[in-house]
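Subject: Structure handover

Hello,

Here is the structure you are taking over. Please open it beside this email and follow the notes that come after it.

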Amino acid sequence: MINLLKLELKKTNIRTYIISASIIGICMLGIIYLFAYAPKIEPKDPDMKMFAGYENIIPLFSTICMFAFSLLSSVMFSKIIIEEYSGKRTTLLFSYPVSRRKVFLAKIAVVSLFVATAMITSCISIFIIFGISESISPVVDGNITFEIISRAAKTTFYMSISAVSVGIISMALGFIKKSIPTTIISSVLLCSLLSNVVAGSISADSPIIIFTIILLLISVLVINIITRKINCMEV
């Protein structure tokens with residue numbers, strides 16, 4: 001399996017996705033400062049209260065970050081899986097002296113590990129930069145406590161799992177339809193649904209955890225379904 005992972009990494013132009021992840025990280029850094037400054041721009045606007053305090057900014061920021069990396073995930077799955085299992089490339093893919101299941105799971109693993117690692121790394125870097133700047137010249141009212149740091153870490157972990165799961169589910173829908181646009185649109189719709197869940201319960205972590213578990217279970221289910229489809233495919 002490790003050799004398959006190495007082979008997939010060699011086949012994939014990973015540098016392109018590293019650059020994409022870096023650009024997302026830079027954009028996310030700007031967004032967290034935008035969220036921090038939002039209440040100061042319109043202090044009398046009651047809608048701006050949702051951006052007040054670190055405890056509100058963290059889940060909102062993590063949701064936007066998950067949205068961005070879910071799109072990256074769906075794009076990678078479209079390129080690495082949907083394109084690979086369509087047209088003449090399928091003949092070459094099925095010529096490998098390895099079971100189809102292992103090849104498919106290796107592709108899933110490469111994308112999943114990359115997206116999760118990229119998102120976690122980006123979020124940690126952004127939180128560190130933001131935390132240092134807040135200790136020097138605070139914009140948000142309140143103090144950064146251990147509880148807030150702990151929540152940031154947990155939310156980032158849950159959202160990284162959600163980003164990968166959304167990508168897998170979207171990939172499955174795109175695979176069935178043999179359509180890359182279906183993959184991207186499905187990712188946007190699923191992220192929008194999760195965003196509404198977070199926005200409706202900013203102060204609570206349980207809806208995020210429940211939604212993440214549901215997405216994870218669905219992603220495991222669709223991986224099994226697509227694996228069976230690939231095993232039954234004829235060249």
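The chain has eight helices and zero strands. Read from the N terminus, the order of elements is α-α-α-α-α-α-α-α. Please keep in mind that this is a predicted model. Of the chain's 235 residues, 46% count as buried. If you take the contacts between residues at least 6 apart in sequence, 83% of them join residues at least 24 apart.

Helix α2

Start with α2, which covers residues 14-41 and has 28 residues. From its first C-alpha to its last it reaches 40 Å, close to the 40 Å expected at 1.5 Å a residue. The helix does bend, by about 30° at F35. A proline, P39, follows within four residues of that point.

Which residues of α2 are buried? They are Y17, A21, I24, G25, M28, I32, F35, A36 and A38. F35, where the bend is found, is therefore also one of the buried residues, as buried means under 20% relative accessible area. The buried residues of α2 pack against α3 (54-82) and α5 (100-136).

On the α2 side, the contact is made by I14, Y17, I18, A21, G25, M28, L29, I32, Y33 and A36. On the α5 side, it is made by F114, A118, S122, I126, F127, I129, F130 and S133.

In soluble globular proteins, nonpolar side chains tend to be buried together. The largest nonpolar core here has 58 residues, and F69, I81 and F104 touch the most other members. At least two residues of this core come from each of α2, α3, α5, α6 (146-177), α7 (180-200) and α8 (206-232). Which helix gives the most to it? That is α3, with 14 residues.

Leaving out residues up to four places away in sequence, I81 touches M76, F104, K107, I108, M171 and F175. F104 in that list is itself one of the core residues that touch the most other members.

A residue in α6

T155 lies in helix α6. Is T155 buried or exposed? T155 counts as buried because its relative accessibility is 2%, and the cut-off for buried is under 20%. Apart from neighbours within four places in sequence, T155 is in contact with I58, P59, S62 and D205.

With a relative accessible area of 46%, K178 is partly exposed. S179, at 17%, is buried.

S179 touches I82 and G174, not counting residues up to four places away in sequence. For K178, the point to check is the backbone. Most residues other than glycine have a negative phi. K178 has a positive phi of about 55° although it is not a glycine.

That is the end of the notes.

Regards

How values were computed
Residues numbered from 1 in each chain as written. Predicted model: local features only at pLDDT ≥ 70, side-chain atom pairs only at ≥ 80, totals over all residues. Heavy atoms only, no water. Expected span 1.5 Å × (residues − 1). Bend = angle between axes of the 7 residues up to and from the residue. Buried < 20%, exposed > 50% of the residue type's maximum accessible area, 1.4 Å probe, protein only. Contact = heavy atoms within 4.5 Å. Core = buried A, V, L, I, M, F, W, Y, C linked by side-chain atoms within 4.5 Å.
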